[in-house]
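Please open the model in your viewer and keep the selection panel at hand. The stops below follow one another along the chain.

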Amino acid sequence: MRKQDFGFDYHRYHRLLCEADDEDKRMALIDLLIEEKARERLAAQRASDRAAMTAQTIATVLKNGRN
């Protein structure tokens, strides 16, 4: 069994799935899942970019301090 993601709201999605009793509601749930996953990936990319910029800044400061 797969571990639950920290940000994955299992109970909320389970409730929404139970309420999705017609095609429109099922499609809305699918759209929501796709949108929230995209938002999660964007946040992860931004965090990665910030970490890379921080590492670059530290490397520059350390390099300049040796001169």
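Begin by selecting D22 and D24 at the start of α2, where a side-chain oxygen of D22 reaches to within 3.3 Å of the backbone nitrogen of D24; a polar contact here is a pair of N or O atoms within 3.5 Å, in which, within protein, one atom must be able to donate a hydrogen and the other to accept it, and residues adjacent in sequence count only if both atoms are side-chain atoms. The model is a predicted one, in which local features need pLDDT of at least 70 and side-chain atom pairs count only at pLDDT 80 or more, whereas totals for chains, interfaces and linings use all residues. Residues are numbered from 1 along each chain as its sequence is written, and side-chain values use heavy atoms, with hydrogens and water left out.

Next, select residues 23-65, which make up helix α2; helices (H or I, at least four residues) are DSSP runs numbered from the N terminus. How far apart are the end C-alpha atoms of helix α2? They are 63 Å apart, which agrees with the 63 Å that its 43 residues should span at 1.5 Å a residue, the expected span being 1.5 Å times one less than the number of residues.

Now show the side chains of E23 and R26, which form a salt bridge with the closest N and O atoms 3.5 Å apart; the term means a side-chain nitrogen of Lys or Arg within 4 Å of a carboxyl oxygen of Asp or Glu, and by this rule the count comes to 6 salt bridges. E23 and R26 both lie in helix α2, 3 residues apart, about one turn of the helix. E23, at 47% relative accessibility, counts as partly exposed, a class between buried (under 20% relative accessible area) and exposed (over 50%), with a 1.4 Å probe and protein chains only.

M27 lies in helix α2 and is partly exposed, with a relative accessible area of 40%.

Moving on, select E35 and R39, whose side chains meet in a salt bridge of 2.8 Å, N to O; being 4 residues apart in helix α2, E35 and R39 are separated by about one helical turn.

Finally, select K37 and E40, whose side chains meet in a salt bridge of 3.3 Å, N to O. K37 is partly exposed, with a relative accessible area of 37%, and E40 is partly exposed with 41%.

Definitions and conventions: Helix = DSSP H or I, 4+ residues; strand = E, 2+ residues; numbered from the N terminus.
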